[in-house]
Amino acid sequence: MTTVARRGVCLVISAPSGAGKSTIANALRAGDSSLVHSVSVTTRAPRPGEKEGVHYHFRTMEQFRDMAAAGELLEWAEVFGRGYGTPRAPVEAALAAGRDMVFDIDWQGHRLLRDALPDDVVSLFVLPPSMKELDRRLRSRASDAESEIDKRMGAALAEISHWSEFDHVIINAELDRAVREAQAILVAARLKTKRQHGLAALMTEYEAHRPT
Ligand code: ADP
Ligand code: 5GP
């Protein structure tokens, strides 16, 4: 098979908390081992089962602010009173190597990342089928305290109000369908003409076979 050199895609997935973005991102990675997950830094406590360096890099607020001040974060924001940010070095390495990355970040992170990497970001906003279902999903996660769930439910409409800033919107009613739709967006992004910089070399090869 002919493979054409290309730049990596930064697939940003945002949603109100509980809509299913981590579930969709995990399914994308499970179906494509070449996808790199951008592991964010956070100052919140780990949920049961969350591992340092896998789900997040868990840091104190002081460490987080030091990283931001040193320019080690490509973007960062305060969400629910806690610091969240994207480490810069892994993103730069993946893009240069032509590997795709998935970012589970909020609308503020999306805006900043788009400013930092305008040609590389493809964004996807995930909506719940209804606010009632969002509330049910937040409660089904069961690892967050009641007050935390109320805070996230209260912030949901503010997050949702940014839907139109994103390239694509998926309503996550049926998970399998939502995952297939997210896969289609990623495939289409990979095939963008301007991303496939290796096409010029392929054209040279074609030319070599021009009948004389
Ligand atoms: P987010 O990352 O957006 O905060 P999660 O991916 O953690 O949300 O999903 C929240 C809860 O909803 C989880 O318990 C997850 O299993 C469940 N969930 C996700 N998508 C669906 C779906 N399409 N149908 C039913 N439950 C879902
Ligand atoms: P959670 O605490 O549920 O893992 O995430 C809370 C919110 O923070 C979610 O909306 C998530 O997308 C966002 N978030 C996670 N990592 C980052 C990050 O690196 N940057 C930004 N801007 N938001 C993030």
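These notebook entries record what I looked up in one predicted model of a protein chain with a ligand.

**Conventions.** I number residues from 1 along each chain as its sequence is written, and I letter chains from A and number ligands from 1 in the order in which they are written.

**Entry 1: the whole chain.** I looked up the secondary structure and found eight helices and nine strands. These are DSSP runs numbered from the N terminus, with helices being H or I of at least four residues and strands being E of at least two. The C-alpha atoms fill a box of roughly 75 × 40 × 30 Å along the principal axes. Of the 212 residues, 44% are buried; buried means under 20% relative accessible area, exposed over 50%, and partly exposed in between, with a 1.4 Å probe and protein chains only. I also looked up contacts (heavy atoms within 4.5 Å). Among those between residues at least 6 apart in sequence, 68% join residues at least 24 apart. The chain exposes about 11400 Å², of which carbon and sulfur atoms supply 55%; the areas come from the Shrake-Rupley method with a 1.4 Å probe, and for residues only the protein chains shown count as cover.

**Entry 2: helix 3.** Which residues of helix 3 (residues 88–96) are buried? I list Val91, Ala94 and Leu95. After the helix comes Gly98, with a positive phi near 75°.

**Entry 3: helix 5.** In helix 5 (residues 131–141) I found Glu133, Leu134, Arg137 and Leu138 buried. They cover an arc of only 140° around the axis, which puts them on the same side of helix 5. These buried residues pack against helix 6 (146–160). The face turned away from them carries the exposed residues Lys132 and Ser140.

**Entry 4: aromatic pairs.** A pair of aromatic rings is described by the distance of the centres and the angle of the planes. Rings of Phe, Tyr and Trp (its six-membered ring) pair if their centres lie within 6.5 Å; planes under 30 degrees apart count as stacked, over 60 as edge-to-face and the rest as tilted. I searched the whole structure and found four such pairs. Phe64 and Trp76 have ring centres 6.1 Å apart and planes at 90°, so the pair is edge-to-face. This pair links distant parts of the chain, with Phe64 in helix 2 (residues 61–69) and Trp76 in strand 5 (residues 73–79), 12 residues apart. Phe64 counts as buried at 1% relative accessibility, whereas Trp76, at 42%, counts as partly exposed. I also noted that ring pairs link Tyr56, Phe58 and Tyr84 into a cluster.

**Entry 5: ligand 1.** Around ligand 1 I found 15 residues, each with a heavy atom within 4 Å. Gly18, Ser22, Thr23, Arg141 and Asn172 come nearest. I then looked up polar contacts (pairs of N or O atoms within 3.5 Å). A polar side-chain atom of Thr23 lies 2.5 Å from an oxygen atom of ligand 1, and a polar backbone atom of Lys21 is 2.9 Å from an oxygen atom of the ligand. For Ser140, the distance from a side-chain N or O atom to an oxygen atom of ligand 1 is 3.2 Å. The protein covers 79% of the 570 Å² of accessible area that ligand 1 has on its own.

Definitions and conventions:
This is a predicted model: local features need pLDDT of at least 70, side-chain atom pairs count only at pLDDT 80 or more; totals for chains, interfaces and linings use all residues. Side-chain values use heavy atoms; hydrogens and water are left out. The arc is that of the directions from the helix axis to the C-beta atoms. A polar contact is a pair of N or O atoms within 3.5 Å; within protein, one must be able to donate a hydrogen and the other to accept it, and residues adjacent in sequence count only if both atoms are side-chain atoms.
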